[in-house]
Amino acid sequence: MSRIRHETRRPQWLKVRLPSGEGFRAVRALVEKHRLHTVCQSARCPNIGECWAQRTATFMLMGDVCTRACRFCAVGHGTPLPLDGDEPHRVAEAVALLALDYAVITSVTRDDLPDGGASHFAATIRAVRARRPDCKVEVLIPDFAGSPEALNQVLAAAPHVLNHNIETVPRLYPVVRPQADYRRSVRLLAQAAQAGLVTKSGLMVGLGETSEEVLATMADLRGAGCSILTIGQYLQPTPQHLPVDRFVPPEEFEQLRATGLAMGFAHVEAGPLVRSSYHAAQQAEALS
């Protein structure tokens, strides 16, 4: 199958408007003022214009340098800076200033930290609750190198939704996520679900996976107790990243959504531009 190189021949359904508007400018100014990072910027999310115009963003903890080098991800990798102990309070302040009722918080992977940054996540959840008590918090966490003790620190802070992205099918892990482990990620989701949390995961398509592999991965996630699933099109962020194998048409995403619901997922968000945090509040509301 021919491969499609960076930013070429995108189909019409992947076109997005350039970011603009008062809401977008307000969020950008707030992020800059409070010295925060967002996955919207670092991962080059195509939905940044829509989300920021609605005065919402996905905050990214622990800097913008990841200790892993996944070949799909635009976030930079290398040696990160030490943790900023004031960051949880700045995130909480930003949540309050935006008057968010639902906040999504993620991070880079920090394999250099003994707990992978789990305690920093927990501190941020608690800081948000202290500053804006009625705000629901969704966390999109790394795998903490498979440490159940690290994960328990996050679970003890009781986020509303615990999200951990599976990203791709197991066969492609050595190429797409060489420093991650598929079964480890499934176990993390299962541990969180067994603890009583609402769990969520995300999957990219268009990397060379087969339909059968996608369905098997969805079944693994459902078997691990995952309640919410997001499925979106992989887009090559730079020429140095993995190329797109194919652009999946909207009707296939609709089929995947219907299949996921039939499997027992409480909510499935599937579409070419869907990302893990896209319409996150609405996804969580669908469970209530």
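## Overall architecture

In the protein chain, 75% of the contacts with a separation of 6 or more join residues 24 or more positions apart. Contact here means heavy atoms within 4.5 Å. This is a predicted model, in which local features need pLDDT of at least 70, side-chain atom pairs count only at pLDDT 80 or more, and totals for chains, interfaces and linings use all residues. Residues are numbered from 1 along each chain as its sequence is written, and side-chain values use heavy atoms, with hydrogens and water left out.

The secondary structure of the protein chain amounts to 11 helices and 10 strands. Helices (H or I, at least four residues) and strands (E, at least two) are DSSP runs, numbered from the N terminus. Of the 288 residues in the protein chain, 54% are buried. Buried means under 20% relative accessible area, exposed over 50%, and partly exposed in between (1.4 Å probe, protein chains only).

## Helix α9

Helix α9 spans residues 211-223 and has 13 residues. From first C-alpha to last it reaches 18 Å, close to the 18 Å expected at 1.5 Å a residue. That expected span is 1.5 Å times one less than the number of residues. The buried residues of α9 are E213, V214, T217, M218 and L221. They lie on the same side of α9, because they cover an arc of only 140° around the axis. The arc is that of the directions from the helix axis to the C-beta atoms.

The face of α9 turned away from the buried side carries the exposed residues E212 and G223. Cover for the buried residues of α9 includes α8 (182-194), β8 (198-205), β9 (228-233) and α10 (250-263). Just after α9, G225 takes a positive phi of about 90°.

## Packing of α8 on α9

Two packed helices are described by the angle between their axes and the distance between the axes. The axes of α8 and α9 come within 9 Å and cross at roughly 35°. Axes are lines fitted to C-alpha atoms, for helices over the stretch in contact, and angles run from 0 to 180 degrees between N-to-C directions.

On the α8 side, Y182, R183, V186 and L189 take part. They meet T217, D220 and L221 in α9. The residues of this contact of α8 with α9 divide into four nonpolar, one polar and two charged. Ala, Val, Leu, Ile, Met, Phe, Trp, Tyr, Cys and Pro count as nonpolar, Asp, Glu, Lys and Arg as charged, and the others, Gly among them, as polar.

R183, in helix α8, is partly exposed at 45% relative accessibility. R183 and G146 are 37 residues apart along the chain, and their C-alpha atoms are separated by 9.7 Å.

## Helix α6

Helix α6 covers residues 148-156, and its buried residues are A150, L151, V154 and L155. Their arc around the axis is only 145°, which puts them on the same side of α6. On the other side of α6, E149 and A156 are exposed.

The buried residues of α6 are covered by elements including α5 (118-131), β6 (136-140), β7 and α8. Just after α6, A158 takes a positive phi of about 55°.

## Buried loop residues

The loop between β7 (161-163) and α7 (173-176) holds E167. Phi of E167 is near 75°, a positive value in a residue other than glycine. E167 counts as buried at 14% relative accessibility. T168 is found in the loop between β7 and α7 and is buried, with a relative accessible area of 0%. Leaving aside neighbours within four places in sequence, T168 is in contact with Y173, V176, Y182, L203, L207 and T217.

M62 sits in the loop between β2 (58-61) and β3 (65-66). M62 is not a glycine, yet has a positive phi of about 70°. At 4% relative accessibility, M62 counts as buried. L100 lies in the loop between α4 (87-97) and β5 (102-107). L100 is buried, with a relative accessible area of 7%. L100 and D134 are 34 residues apart in sequence and 9.2 Å apart in space, C-alpha to C-alpha.

## Cysteines

A disulfide is a covalent bond between the sulfur atoms of two cysteines. The cut-off used here is a pair of cysteine sulfur atoms within 2.5 Å. The structure holds zero disulfides. C66 is in no disulfide, and the nearest cysteine sulfur, that of C70, is 6.4 Å away. C66 counts as buried at 10% relative accessibility. C135 counts as buried at 3%.
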